Amino acid sequence: MDDELRLTRAVFTETAGLTIHPKSQLNPTVAQLKESLEQALTGAPEGTPPQVLVFYYSGHGTAHDDQQLRIAAADSKRSGRATQLSVVELISLLIRSENESPAEIVVLLDLCNAGLAVDAFNRELARLRELGNWLPVLTVIGAVERYGDAQQLHFADSLASTLRSPPPAEQQEYIPMTVLFRELASRMGRLNGKPKPVMSPAPEGESEAFRNPWYEPPTTRRPQEEREGTGWAFCGRAEASEEIVSYLLSEAGRGGLAVTGPAGSGKSVLLDWVAAASSGKPLQPGVNAPLPPPPGCLDLLVDARNLPVASVARKLAVHYGTGTGTDVPGLVAALTARSETMRICVDSVEAARDTASLVGDLLEPLAELTQVRLVVAWDEVHPGFGGRQLALGSPEYGTTEDVSRFVRQILQHRNDSQWRHVDKQVLDDVAHAAAEAAGGSWLRAYLFAVVLSPSDPSVARVHAERSTGELFLEKLESLDIDADRQWARDLLLPVALAQGGGMPADGRLWAAVVKAGGNVDVRESELKHIQELAGEFLAAPEDDMHGAGWRFERAIYARSLAESADETDAHGAFVRAMYDRLPVRPSSSRDWSAADLYTRDYFPHHARIAGVLEEYLDDPEFLLSVNAETLRRALIIASQHWNDKADKVRSLCERIEATDRWDGYTLSRMALLAQVGSLDTLARRAAEWTSGWQPLLVQRHPSHVVFRARNGVTLTTSDSRFWRNSGTDLSTAWSEVHTPAGGALVTTTSVIELGGVPCIFAGQIDGSAWIQRLDDEGDYKAIDGLTLNCRLVACAQAGDGLLIAGTEGWQWRAERRTSPMVHRLRRRLGGAATAVWNGITMVAGMTATDVSVWRSDGHLLHTFTPPQSQALTTIAADWDGVYTGAGDGTVWRTSWDGRERRQVATHTGPVAQMKLRPGQHGRTLVSAGRGGDILLTPLDRVGAGTSSLNLGITVNSADIAAPGLVLAGTDAGVVQITL
């Protein structure tokens, strides 16, 4: 239950943007539950009801003979109705007058029989509507139907994944409740089709409960230097602007247009000029500015800084409504199918997360489309981009005179300027000197002007030798409080070091980092003051949920400030601030599930540079909570300086990410993978946290086959070597079995019983087979009379007979006599199985596509083709029929006469091996998939569900050792799994 509540709390706060009410708690009494609801509904202690209230309850729901559902609390007794909260009471608590109620209420009930509660809400809502009463926008969703059992974590997992990743085609700001429920039901239905959630009728009115993570409102980027009082305006560059607009509006634009130039040459501002005018809100024009481009000349400007190619693709998908999300090939295919002209600009390509991938996978394919006009901006054009080039560093597109006019514009119009009334010749000389010193860089010219502006014109000089970074730092020193020249640097350093979209907009982490860096007296007012003073250098936070936070407008600002500080100490302040902000549990550990989004995304980066990342790698919750890609990159870099622990943890996390994170067994997998990597502390802590199956790596030789014999002996094989364990503690006492195989390759193995004694029955690549007792005597005997002379693919037992099958055919041995070879049909055999059906011993031989059925005397009965889409990989049989596993992951059962068939199991990858095992409640099909999953499928219990174990490593074989105990033969060795 703790895991479930942490999961839902994290997704409600992090993804949906909700605030958890302080009275929310684990195991409340009925009185506490009523009190917390009352306070939440009225907005106590402030007294203002919230706009939206989400009531989530996970616990027991009891259906009584009056058909009413009651909710059990911590002090409830199962037979005492009065000790439980009835749904009727819950409704009366939630629905009240308009001025006392939130505008919208969402009720989420993860209870057994939750459908009864939904019915009760529906009846009451219908009654109140008939009376004409005011009602909030109300949605009720139950985890199961009227009479059904809820499954722990399943509803919470499905809800969390739905809120984090709803259907991408929906472009409303909030997820419509009908869309949310449809996706929730789909995700829950992947667990054998049940349990099925239920929902009240679609609410009257638009829901604003859950923000849509795919939603991105249209925005127009503008330079921060355009702020009032800076004197900034767009000057010159008429030829470059006209060429870009001409290309965007051209009839044929295949190949794209690359705007290039060194940092500071004005690429981004030039694209801002085009984009702002296209949106109908042009930038401030200055001296010699070109005419604004026409409205509608550009569809979208994407800033690729710090973005992976998937995020750039998502922005395009959102704008053009393709519904392809982060699917890059899907986006290209969707835009290829369109006929209308699409005009796109992508800025800062060289600063993308992976420039080569962005160019090769997305930009180059888009540039080749005749209906796309693609403008890209980067320092130097990528070798694979074959379009036209507009080089801003060349005299054709920018002159010193244009830059000089830009400097003059700032000196004449900036608020703090002392140059407004200076002689024109003096002003021209200084502006020209600044332009010459800037060397063609508009950014550097701007900083020269900013530094010169408050200076006395009679003594001011342009120091051409100063770099852009030095000019910026000099300006920061002038933004002092009480003549403290370090004040601005200290406060702005976290912004310089912030990753991704920058420092979170609310400023709380910013203040915490400054404080952790030694400035204990930093106040919110100081942050607001520095935001105002340095506003022309800072990019302010964007409004939408995907928007960036506080960051520097130009990369050179951040880089120069970061390089002026001690890297280890500065990033250490980030680590301390983020860690100290995590809630403390009663056990004194930190609650990583409550980490804010920035901490999740970038803690690994800051911890690596601070030299402390290794301290966190034994914490399972840390590894599962932080951004997987950021952690992977940090571990790749760290592996160059540490021992092999970083590589082991990286490999473990990559395997975890490749599995289903929402099946409830992630910590079980982590415990196993940590054992495989000899990460003992992590393995122990993950095992302590998990409430699912418990893994134990009991033997470290790669296991190709594993068996549990009826006398309690466990057998495993690896590269023709055999190990056995006769004890109950499989973690010790393994001994190698010396077999008659010698140096020959064993190609098939089974465990049979002869005279009540378990025996190894094995076949070799040379066509020979042998039997060896699995007891202390260990006697063995070769099978005589074999004439197969090919690789053996099956050695099996049915009744009193033995089947020996090879690629070219099979032979039957009974009463110490081996029958003549039965030749295969058209294709070579890949496997075979045998069983007794209606008193007749049957043999089934499998090829890649079909199965032939014989009697044991060699008489061919028929051949059938299972309805599996890929090649058959394994076969098993019993009295009920033939079971075939295939590369598509499916297992089908076909009756011996071929008249009936049904699908019985589905794996995530090719089926490696199957066994049919009897039990107290009937037969179980034990099947292993190379994708890492083991399925335990009941064959005789109607309605019983399949148990699925996804180990996260390749599984070659599996067997049931005892009720609740499964053995898995994996590439890492033998794993004992306690259910």
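This briefing describes salt bridges in the structure above. The model is predicted: local features need pLDDT of at least 70, side-chain atom pairs count only at pLDDT 80 or more, and totals for chains, interfaces and linings use all residues. Residues are numbered from 1 along each chain as its sequence is written, and side-chain values use heavy atoms, with hydrogens and water left out. A salt bridge is a side-chain nitrogen of Lys or Arg within 4 Å of a carboxyl oxygen of Asp or Glu; by this rule there are 40 salt bridges.

**Terms for exposure and secondary structure**
- Buried means under 20% relative accessible area, exposed means over 50%, and partly exposed lies in between (1.4 Å probe, protein chains only).
- Helices (H or I, at least four residues) and strands (E, at least two) are DSSP runs, numbered from the N terminus.

**A bridge within a helix**
- Asp-647 and Arg-650 form a salt bridge with an N to O distance of 3.1 Å.
- These two residues lie three residues apart in helix H24 (residues 645-657), a separation of about one helical turn.
- Asp-647 is partly exposed at 32%, and Arg-650 is partly exposed at 22%.

**A bridge between loops**
- The closest N and O atoms of Arg-828 and Glu-808 are 3.1 Å apart in a salt bridge.
- This pair links distant parts of the chain, 20 residues apart: Arg-828 is in the loop between strands S28 (822-823) and S29 (831-837), and Glu-808 is in the loop between strands S25 (801-806) and S26 (809-814).
- Arg-828 is exposed at 57%, whereas Glu-808 is partly exposed at 22%.
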